[in-house]
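Please keep the coordinates open while reading.

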Amino acid sequence: MERTNPILPKQAENHLKKNLGSDFDDFMEALGKSPKRAIRVNTLKADPQEIAKVLSLTEKTAYCDCGYIADSLNGDHPYHRAGLFYMQEPSAMLPVEAARPYLEDIFAKESYPLVLDLCAAPGGKTGQIAAIMNGRGAIMANETVFKRAGALASNVERLGVRNAIVTSHSPDKISKLLGGAFDVVIVDAPCSGEGMLRKESGAADNMNEKTMLACALRQREIMNSAAECVKENGLLIYSTCTLNATENEEVLRSFTESKEFVPLECPHLVKVRKSNIFPAYRAFPQDGGGEGHFVCVMRKTAPARKPPKFVCPFDGLYKKTAELKALLSPLSREPIFDTAYRFKDSVILSPPLPFVKGLSVVKAGVKAATTASRLIPDHAYIAALARKEAVAAANVCFETGSEEQRSFGKAVTEKYLRGEEPNVETTRDGYGIFCVDDYPLGLIKSSLAGVKNHYPKGLRKQ
């Protein structure tokens, strides 16, 4: 559906004309068109081609091979709730995809790669990098604003990222505690948001010189901290959803001119504009159908600080492994995929994580069970399972099967997501997994009295 060109405040219009130059008219024409909704299929849990076929998605995004234009989908779809895809603006997929060849090289060479997403909420780029890691090493997802860190942790859980630690600190605190620790650091920096004008009408209020300069100052401070966290020969990925040079090339100039970092070419990208200052790339809404993004992938050539010695973030090993296996075996073919730890009244499954004392942790590893009164499986464990790992106690059709099967499955799934008892037959008594099209969605518990719904209250549809 076409829209008319937006009417901007004069101050915002003048600001954009100054910073976009000859691209201003095409930029404004693009803003007059309706934005495209897109998804990125989560390869930790699903096959992109299979999901595209089932959901009748035919148009790929310009910047990601796993991304599809999906105007009819939203966050209430059970595939989204099961973590099979992530709702992500098309050009927001660009930063990670720009770095993909370099990321794949590092993840292949390093025995235990460590990644830091320094400004991670709501978690799209964390999940995107984690999918490339495919369980190798560990990723720290940090968010300065504590309230946003909760949503970040929820998305990390939903996407089935098992090797993550979610923290909430200022970038300078992270750099002091974890300098020189990471093979890859990504900074999707807060910005004035020129690439958000079509989606957020209030973004025009930020289109002025004062805001732009204030953002650039903050971005330099964040980048100074980020640079300290990168190992020698490691990657630093910088991105913003703004297009002016002040918040992009000028922020990076001191790093490139000092030869501390070398910008890397990304010739695999399409529908982008290459900077004429050094290798860096812009996605304009008139080119690739997204909202607008800037990215620069750099390699650190300067010596790095000696990384700290990591310690365990948990209370100790969970020793009742036989009891834990007995609980999880009916739910999954591989009941324990990492070391089991105690943390308060929880059992956590986790690989080694980049933790040091002084870090405030929101989430770490995968919560497999609670131990408050007795051992009870947790929804987070179900969310961590791929289809091939899960053992379904009940499975209904939603997008597959006959029309009659889909009709029944959609009605049952709707009841389940609202927290009501689903009228389904199960393969066994006790705790089990409720699946949709064979994909694990959440827990149920069966007995002679019927099937009880254990989908978390905080996730239920209202």
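The second largest pocket is lined by 24 residues, and those nearest its centre are Leu44, Asn134, Arg162, Ala386 and Glu389. A pocket here is an open set of points, on a 1 Å grid over the protein atoms alone, where a 1.4 Å probe fits and protein lies on both sides within 12 Å along at least five of seven lines; lining residues have an atom within 4 Å of a point. The space in this second largest pocket is about 400 Å³, a volume being the space filled by probe spheres set on the points, with grid points joined across faces, edges and corners. Its lining divides into 11 nonpolar, 6 polar and 7 charged residues. In this division Ala, Val, Leu, Ile, Met, Phe, Trp, Tyr, Cys and Pro count as nonpolar, Asp, Glu, Lys and Arg as charged, and the others, Gly among them, as polar.

The model is predicted: local features need pLDDT of at least 70 and side-chain atom pairs count only at pLDDT 80 or more, while totals for chains, interfaces and linings use all residues. Residues are numbered from 1 along each chain as its sequence is written, and side-chain values use heavy atoms, with hydrogens and water left out.

The largest pocket has a volume of about 1100 Å³. Its lining holds 40 residues, with Ala121, Pro122, Arg148, Asp188 and Met196 closest to the centre. Two or more lining residues come from each of β3, α6 (124–133), α8 (171–178) and α9 (209–229); helices (H or I, at least four residues) and strands (E, at least two) are DSSP runs numbered from the N terminus. The largest share, 4 residues, is from α9. By class, the lining of the largest pocket has 17 nonpolar, 9 polar and 14 charged residues.

Strand β3 also belongs to an open, antiparallel sheet of 3 strands in the order β2-β1-β3, where strands pair if DSSP finds at least two bridges between them. The edge strands, each pairing on one side only, are β2 (67–69) and β3 (85–87). Strand β1 (residues 38–41) pairs with β2 over 3 antiparallel bridges, and Ala38 has Ile69 of β2 as its bridge partner.

Leaving aside residues up to four places away in sequence, Asn155 touches Tyr86 and Pro122, contact meaning heavy atoms within 4.5 Å. Asn155 and Arg81 are 74 residues apart in sequence, with 9.7 Å between their C-alpha atoms.
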